[in-house]
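Visitor: I would like to learn how to read the features of a protein model. Please start with a term and then show me the case.

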Amino acid sequence: MIILDGKKTSLDIQDELAQEVLKIKAEGGKIPHLAAILVGNDGASETYVASKVKACERIGFGSTLIRLSGSATEKEVLDKIDLLNADKDIDGFIVQLPLPKHISEQKVIERIAPSKDVDGFHPSSIGRMALNLPTYLPATPYGILQLLERYKVETSGKHCVVIGRSHIVGSPMSILMARNAYPGNCTVTLTHSKTKNLKELCLQADIIVAALGKPEFLTAGMVKEGAVVIDVGITRVESAHTKSGWKLLGDVKFDEVAAKCSFITPVPGGVGPMTIASLLMNTFQASKNHSPAQVEGNK
């Protein structure tokens with residue numbers, strides 16, 4: 001059994017990007033710049049955004065954090081997006097989800113210029129992904145692809161079962177694993193809360209991507225010997241065995257499932273760090289796309 005170490009792989013990618021930034025500086029080019037809009041003070045969102053800012057600092061990217069109160073109006077958020085869309089110094093930006101209930105996430109996502117949509121959530125980005133055209137891939141699925149590729153996990157001809165159909169992970173993951181590319185070329189079964197015989201489907205799977213947000217949902221009895229298991233879930237639960245009084249659990253019951261796997265991601269330290277690496281990769285690509293030579297060539 002091999003651990004797919006997302007923390008190490010993310011740092012490897014960041015080191016590669018840092019070297020690219022040094023080259024850009026030496027040539028007098030524009031440094032990639034990532035911005036984030038954070039609405040309210042959700043604890044998990046604060047942690048995620050802080051990690052992204054820290055990663056930007058580590059590799060030499062520019063970073064901007066725009067904070068809005070939880071009572072900010074939808075118009076205020078959309079106005080900030082318009083400003084970032086128009087700011088030529090900002091190569092890409094994200095609006096941290098979830099948003100307060102009075103703000104439409106769909107309106108927010110659609111307001112972001114596709115050329116700066118480094119989270120890969122805009123309908124244009126999703127459509128281009130489905131057609132296997134150049135675009136910014138959703139950060140978490142992109143991170144999973146990077147893990148599979150860098151660990152040389154065989155995917156062609158394999159049966160991949162994706163548990164969960166969210167627009168952020170499950171749905172795009174199913175599309176990417178089925179595409180004619182590596183990683184990909186899988187036969188994909190996309191499952192969800194209404195799926196019947198889920199256990200039987202999982203037992204047929206060579207690769208399982210668990211992304212439903214239910215702690216320790218996937219047990220050893222649902223996994224065949226030699227399977228590859230990707231755990232996207234991360235839930236904070238109370239624990240009497242830690243100083244903090246809580247611990248993080250994935251969607252996979254790791255201790256009993258790992259023994260049956262050929263490859264498996266841990267929680268924490270698996271998919272989470274790869275999401276940040278992918279966001280940085282998308283931002284770097286956005287910076288290249290916005291370079292004067294590239295813009296001129298696109299005319």
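Guide: A salt bridge here is a side-chain nitrogen of Lys or Arg within 4 Å of a carboxyl oxygen of Asp or Glu. Side chains of opposite charge can pair when their charged atoms come close. One case joins the side chains of Asp206 and Lys224, at 2.8 Å from N to O. This is a predicted model, in which local features need pLDDT of at least 70 and side-chain atom pairs count only at pLDDT 80 or more, while totals for chains, interfaces and linings use all residues. Residues are numbered from 1 along each chain as its sequence is written, and side-chain values use heavy atoms, with hydrogens and water left out.

Visitor: Where do Asp206 and Lys224 lie?

Guide: Helices (H or I, at least four residues) and strands (E, at least two) are DSSP runs, numbered from the N terminus. Asp206 sits in the loop between helix H8 (198-203) and strand S7 (207-210), and Lys224 in the loop between S7 and S8; the pair links distant parts of the chain, 18 residues apart.

Visitor: Is Lys224 buried, exposed or partly exposed, and what are the cut-offs?

Guide: Buried means under 20% relative accessible area, exposed over 50%, and partly exposed in between, with a 1.4 Å probe and protein chains only. Lys224 has a relative accessible area of 28%, so Lys224 is partly exposed.

Visitor: How many salt bridges does a search of the whole structure find?

Guide: The search gives 11 salt bridges. One of them is formed by Arg58 and Asp15, whose closest N and O atoms are 3.0 Å apart. Arg58 belongs to helix H2 (residues 43-59) and Asp15 to helix H1, so this pair ties together parts that are 43 residues apart in sequence. Arg58 is partly exposed at 43% relative accessible area, and Asp15 is partly exposed at 36%.

Visitor: How should I read a salt bridge inside one helix?

Guide: An α-helix has 3.6 residues a turn, so residues three or four places apart point the same way. Glu20 and Lys23 are three residues apart in helix H1, which means about one helical turn separates them. Their side chains meet in a salt bridge of 3.8 Å, N to O. Glu20 counts as partly exposed at 30% relative accessibility, as does Lys23 at 49%.

Visitor: How do I read strand pairing?

Guide: Two strands pair if DSSP finds at least two bridges between them. Strand S11 (residues 261-264) pairs in the parallel sense with strand S1 (residues 2-3) over two bridges. Within that pairing, Ile2 has Phe263 as its bridge partner in S11. Strand S8 (residues 227-231) also pairs with S11 in the parallel sense, over three bridges, and Val229 there has Ile264 as its partner.

Visitor: Which residues have the most contacts inside the largest nonpolar core?

Guide: A nonpolar core is a set of buried Ala, Val, Leu, Ile, Met, Phe, Trp, Tyr and Cys residues joined through side-chain atoms within 4.5 Å. The largest one has 48 residues, and those with the most contacts inside it are Ile144, Met177, Val209, Ile230, Val232 and Leu280. Helix H10 (residues 271-289) gives the largest share of this core, nine residues. Apart from this core lies another, of 20 residues, including Ile66, Ile90, Ile112 and Phe121.

Visitor: What is Val209 in contact with, beyond its neighbours within four places in sequence?

Guide: Contact means heavy atoms within 4.5 Å. With those neighbours left aside, Val209 is in contact with Ile144, Cys160, Val161, Val162, Ile163, Met173, Ile230 and Val232.

Visitor: Which residues of helix H7 are buried, and what covers them?

Guide: In H7 (residues 170-178) the buried residues are Gly170, Pro172, Met173, Ser174, Leu176 and Met177. Their cover includes helix H5 (123-130), helix H6 (139-150), strand S5 (159-163), strand S6 (187-191) and S7.

Visitor: And the chain as a whole?

Guide: The secondary structure comes to 11 helices and 11 strands. Buried residues make up 47% of the 299 residues. Along its principal axes the C-alpha trace spans about 55 × 40 × 35 Å.
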